[in-house]
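Dear colleague,

I am passing on the structure below, together with some notes for a reader who has not worked with it before. Please have it open beside you as you read on.

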Amino acid sequence: MDIAQEFPQDPQLIYLNHAGVGPWPRRTAAAVQRFAEENVRWGARHYPRWLQTEQVLREQLGRLINVPAEDVALVKNTSEGLSLVAYGLGWQAGDEVIINGDEFPSNRIVWESLAREYGVLVRDVTLDREDPEGSLIAAMSARTRLLAVSSVQYGTGLRMDLGRLGEACREAGALFCVDAIQSLGALRFDAQAIGADFVIADGHKWLLGPEGLGLFYARPELRDQLQLRQFGWHMVAAAGDYDRKDWAPAPDARRFEAGSPNMLGVHGLSASLSLLEEVGYAEVERRVLANSGYLVERIRAESALELLSAADRRAGIVTFRRRETDTATLYRALVKEGIPCAHRAGGVRFSPHFYNTPQQIDAAVDLVLSLSL
């Protein structure tokens, strides 16, 4: 397999924003084009075949996080998945949710909304850079109902020790909810090994898929305990029996899918995952870490640059700043010069994927150093 052929990007472009919105591989564009052409020529004549692709995607996502396919629900985005948890659990005034100050708004706002609705106490923890997990564990109490954390923090790329946090939650009798959007497609992930009760992620970042489709996992023992807030024809046990008057929610994760699926997104994301599976998730992780490690060393070697990420706790995100330079100005200049990146955590965030090369990273860093601002 020629990886370069899967990413025929403009030669003037060095794409370093996979932690934002990832580009599609060639095969994903082809899958979406085929799906569009089929709709033009045949409409939904071959809908049963589309359902087969949907089942393939569930199996791919199950392998991605090491859970059975029937435990994976397809959701619109991470925010929807987090809301299924936040507004599915039965809360009592005084229940606690632990979050931290480094979280992306999706994994903060939904929990903070519970304070107004149910009197839930949201404890926003400042992470100790030497022991971030210890900060969260120390904040837990007998009233802690749930710990919500991102597997990798979006701003600095801090990689959390999920196994340690999962064990602490089990010991405290608290639920463990993981936003895995900055891990999946970059690092290997095992929901069962870390003891996750809930896992949520979009497919448009490191998974290289379209926006508008993600995964939601709830541990089977907890599935029935989540109160449903969305209802429709697709989430019932007898989904194809339209004349039936009595109904019950599907026994598997499909109960969280109220209406018609995003079939275009299904075809696209399945194609993207097929590429990652062909490369192998272990190899993808090795290359991502090699690229982020190489970037860290380049930054450390330049006195004009300051590393803001924790080098020993990294995934695919590396955040830095150029000394005596306005970061927002530097960010805008980089994007203008053909290096998609992000302005996060007081610095510029580069997030190279497995297919990026050391030569591209060198060129990007050299540009950071040479820009006259």
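In helix α9, Leu273, Leu276, Glu277 and Val279 meet Tyr281, Glu283 and Val284 of α10, where contact means heavy atoms within 4.5 Å. Helices here are DSSP runs of H or I with at least four residues, strands are runs of E with at least two, and both are numbered from the N terminus. By class, this contact of α9 with α10 has five nonpolar, no polar and two charged residues; Ala, Val, Leu, Ile, Met, Phe, Trp, Tyr, Cys and Pro count as nonpolar, Asp, Glu, Lys and Arg as charged, and the others, Gly among them, as polar. The axes of α9 and α10 (residues 281-300) are 5 Å apart and the two helices pack at an angle of about 85°, which makes α9 roughly perpendicular to α10. Axes are lines fitted to C-alpha atoms, for helices over the stretch in contact, and the angles run from 0 to 180 degrees between N-to-C directions. Angles under 35 degrees count as roughly parallel, over 145 as roughly antiparallel, 65 to 115 as roughly perpendicular, and the rest as oblique.

Before going further, please keep in mind that this is a predicted model, in which local features need pLDDT of at least 70 and side-chain atom pairs count only at pLDDT 80 or more, while totals for chains, interfaces and linings use all residues. Residues are numbered from 1 along each chain as its sequence is written, and side-chain values use heavy atoms, with hydrogens and water left out.

Helix α9 (residues 263-279) also packs against helix α3 (residues 47-65), at an angle of about 45° and with the axes 9 Å apart, and that makes α3 oblique to α9. The contact involves residues of α3 including Tyr47, Trp50 and Leu61, and residues of α9 including Met263, His267 and Glu277; its residues divide into 10 nonpolar, five polar and three charged. The crossing of α3 and α9 is left-handed, a word used if the near helix is turned anticlockwise from the far one by less than a right angle, with right-handed used if clockwise.

A further pair is α10 and α12, whose axes come within 10 Å and cross at roughly 30°; α10 and α12 are therefore roughly parallel to each other. In this case α10 passes α12 in a right-handed crossing. The contact is made by Asn291, Tyr294, Leu295 and Arg298 of α10, together with Pro358, Ile361, Asp362, Val365, Asp366 and Leu369 of α12.

Leu64 lies in helix α3 and, at 5% relative accessibility, counts as buried. Leaving aside its neighbours within four places in sequence, Leu64 is in contact with Leu184, Gly185, Phe189, Leu207, Leu215 and Tyr281.

In helix α11 (residues 327-336), Thr327, Ala328, Leu330, Ala333 and Leu334 are buried, and what covers them includes β9 (318-322), β10 (342-344), β11 (347-350) and α12 (358-370).

Finally, some backbone angles deserve a look. Just after α11, Gly338 takes a positive phi of about 95°. Leu208, although not a glycine, has a positive phi of about 65°; Leu208 lies in the loop between β6 (198-202) and β7 (214-218) and counts as buried, at 0% relative accessibility. Ala345, in the loop between β10 and β11, has a positive phi near 50°, again in a residue other than glycine, and with a relative accessible area of 47% Ala345 is partly exposed.

Methods. Buried means under 20% relative accessible area, exposed over 50%, partly exposed in between (1.4 Å probe, protein chains only).
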